[in-house]
Amino acid sequence: MTLPLRLSRARGTSAPRQRTYVFNWAGRIGLAIIVMWCAVAIIGQWFTPYPVGKIVDWNFFGPVSAKYWMGTDYLGRDIFSRVMMGARYTVGIALAAVTLACALGVILGMIAAVMGGWFDTIVSRLLDAFNGIPSLLFGLVVVAAVGSSIPVLILTLTAIYMPGSYRFARALAVNINTMDFVTVARARGEATPYLILREIFPNIVGSVLADLGLRFVFIVLVLSGLSFLGLGVQPPNADWGALVRENIEGLSYGAPAVIFPSLAIASLTISVNMFIDNLPTRIRDRSE
Amino acid sequence: MTDAPLVSVRDFKVGATTDGGRKIDIIRGVSFDIAPGEILALIGESGSGKTTIALSLLGYTRPGCEMTGGTIRVGENDVTAMSETERCKLRGVEVSYVPQSAAAAFNPSKRIMDQVIEIALIHKLMPRAEAEEHARSLFRALALPEPDTIGNRYPHQVSGGQLQRLSAAMALIGDPKLVVFDEPTTALDVTTQIEVLKAFRSVLEKTNMSGVYVSHDLAVVAQIADRMIVLKNGEVQEEGTTEQILHAPAHPYTRELLAAFEPVQHTPIEARGRDVDHPLLEVIGLHAGYGRVENREPTIKVLEDVSFTLKPGRNLGVIGESGSGKSTLARAIAGILPAYRGSVLFEGHELAPDLQNRTKKQLQRAQIVFQLADTALNPAQSIGTILARPLTFYHGLRGAARDKRVNELLDMVHLPKSLRHRLPGELSGGQKQRINLARALAADPVLILCDEITSALDTVVAAAILELMRDLQNELNLSYMFISHDLSTVEAICDDVLVMYKGAVVEALPAARMSADAQHPYSKLLISSVPQLDPNWLTSLEQDPELVAAFSRR
């Protein structure tokens, strides 16, 4: 739900300019699919035809039927119900993690760029060192240490993806920071928060959003990787990545159990990128 | 001029497609001839199409543009009808090009000689040894130092003026019939400009080549061109010999261009209701620099021991060439670059060297305006937001009172109120510079530090900005510290002038008697190097070669 929120914030600040933000059709389709999945994630639990963990059919890898809309999985559970519940985990965890990672990374990156000096050096070196730890190994250690729960998963994914976002935002902000309008604001006596929020952020927001779209896809993939190792969402629940993993043997039977979760992942990641790439030009390329 | 013209351009048009898919005409039916051996100047402000026409003579249009009508004939070749492959054979041999920025035109990783003779080798005009010999004779003709060995250097090992002459050698190596000079001296300092102009002129006189000289500077063009074409919005406004254009301009636009060139004498304003005896700004022994700090001194020292005083209501000009430390001086006074020694007294109180330790009141009373309005205005903020910020920040204005003040400010810089909803990218260069000035005025300062604020603007636009600054000074009782490399601008607005060279003030003069009173050899050199409208100026100019050599850092 974060993306529409970001948009409305941008709309709020520029209202006096009386500008209308027009989406093209690709952006609208992307937004519609995101909203649809978010709705499923929130209200899906009351509409699942069968309980998520219940084995409803003796026939494993069952075909699409009137009773089971997306077939059944390797244990004979209803895939449609599992995809609906999986939306909670995938959309929720991935969106929460990507938002946290990008927000933290971008804010830290901009502060480092504006302040420079020792703050920049220390933060940059620390996060560089952190970047060197393989992400799945890091996840393994964290889950082994504190156990697996949704907040731990979100924070782990945030920690894995924050340094990249920081690097990206810092590089952009360093470029903007040398522009004369920032110097003018500095000479006016403005404090760091103003410089970051009003002078620098609006000029990097387009690139940051594009980066967010890419990072979101990676987080969905790592989440399914963690689930495969048993570190992710715990059974009987499963995120979409885990659904694909646990039904992978069904691929040779052409089972819908593996196809539909894959389609769900694809539709979400593609629509997020479609939406971001087609944001109104005024938000996306404001610096141009 | 009895024989057939070398170049004839007839009803030539260039069109472009904008980002919005709209078709616009850049050149709208231009016709002219160039006789063999004649130098034709294309004059006009930015956007007038002068470079587009010059590039078309090489059969080249910039991406997004296309030739939409008319013909261009160069010698025997019908350039407009040629295929791209045929045009390639034309370029460098029949027509060649000297770019504005030689530094950007040379490949920094190849030796100069290899780049100069490239044309001869590509077109297989002569064997390598012969080409190098020819290049050396060109170096000699262009008065380059050490002509026999300079070709072995890399581009960063020669000065900017030398590089510009080397790029002329590159253009001349194929013995073209026509050379296109695209603002070749615009990026150079005045003292360097002279040596380059002299070299160009002597070569052109010797070889009987034709030339097209593109420039916005009438005085420079007057030294080198036989004929001039004045362009505006892709149309010829006036065509005539240099003498006629300069002395008997027929078209109003030409007169406007010439009027902008007329030196305007500055009349000091009366400082009202202010303590005139106490200096507004007093700088004592200021040192500033960049780089790593060792023993509390930066390793790269720029400013050394700069002292001056500025009285209320008076304007101080700072002149000097690039690298003389004029911008650094403004930055050190504004606190953007903390000075490491010396002191700045503003309205009787000492200012802290760095911004963080100055009070809001001190920051508000002295404002700085930068050269490039493009980068000095946040592209993501509307004009209204940009102007409103200092009002809120310094004076706590909000809501209707702030809106009213923004409108007043726009009115002060002669811009319509409707502009407040626009983004900086939607404004012209002159409008942006006015907004830049209005933002400084929003703080209600007593002193404005102007860092080359008219240098990036066309002459006519710059003259209007100066006019505006004079009016504002009378109205608001301001003082300006005006930094510029252009002496006529400084003369037009300043009471006193500081001449800077290598980070030190060499001389302080009253602006009105700048040329008469200058004592220091560098000031004399700098002042005498400013091109005059008189076509015989360069010929009659006498400068002590030793002096030039000593100060132009060769």
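How many residues does the contact take from chain B, and how many from chain A?

## Where the chains meet

Chain B gives 19 residues to the contact and chain A gives 18; two residues are in contact if their C-beta atoms, placed from the backbone, lie within 7 Å. On the side of chain B that touches chain A, the elements giving two or more residues are helix 13 (360-365), helix 14 (373-376) and helix 15 (383-395) of chain B. Helix 15 of chain B has the largest share, with three residues.

Before going on, keep in mind that this is a predicted model: local features need pLDDT of at least 70, side-chain atom pairs count only at pLDDT 80 or more, and totals for chains, interfaces and linings use all residues. Residues are numbered from 1 along each chain as its sequence is written, while chains are lettered from A and ligands numbered from 1 in the order in which they are written.

## An open sheet in chain B

Helices (H or I, at least four residues) and strands (E, at least two) are DSSP runs, numbered from the N terminus. Four strands of chain B make an open, antiparallel sheet in the order 12-11-14-15; two strands pair if DSSP finds at least two bridges between them. Strand 12 (297-310) and strand 15 (349-351) of chain B sit at the edges with a single partner strand each, so one side of each has no neighbour in the sheet.

Inside this sheet, strand 11 (residues 281-294) and strand 14 (residues 341-346) of chain B are joined by five bridges. One spot to look at is Val283(B), which stands opposite Val344(B).

## A strand covered on both faces

Now find strand 13 (residues 316-319) of chain B. Leu316(B) and Val318(B) on one side, and Gly317(B) and Ile319(B) on the other, are all buried (20 or more other C-beta atoms within 10 Å of a residue's own; exposed is 12 or fewer, partly exposed is in between, with C-beta atoms placed from the backbone).

Strand 13 of chain B runs parallel to strand 18 (residues 479-484) of chain B, joined by four bridges, and Val318(B) has Ile483(B) as its bridge partner there. Strand 13 also pairs in the parallel sense with strand 19 (residues 496-501) of chain B over four bridges, where Ile319(B) is partnered by Val499(B).

Glu183(B) isn't a glycine, yet it has a positive phi of about 45 degrees. Glu183(B) is in the loop between strand 7 (178-182) and helix 8 (190-207) of chain B.
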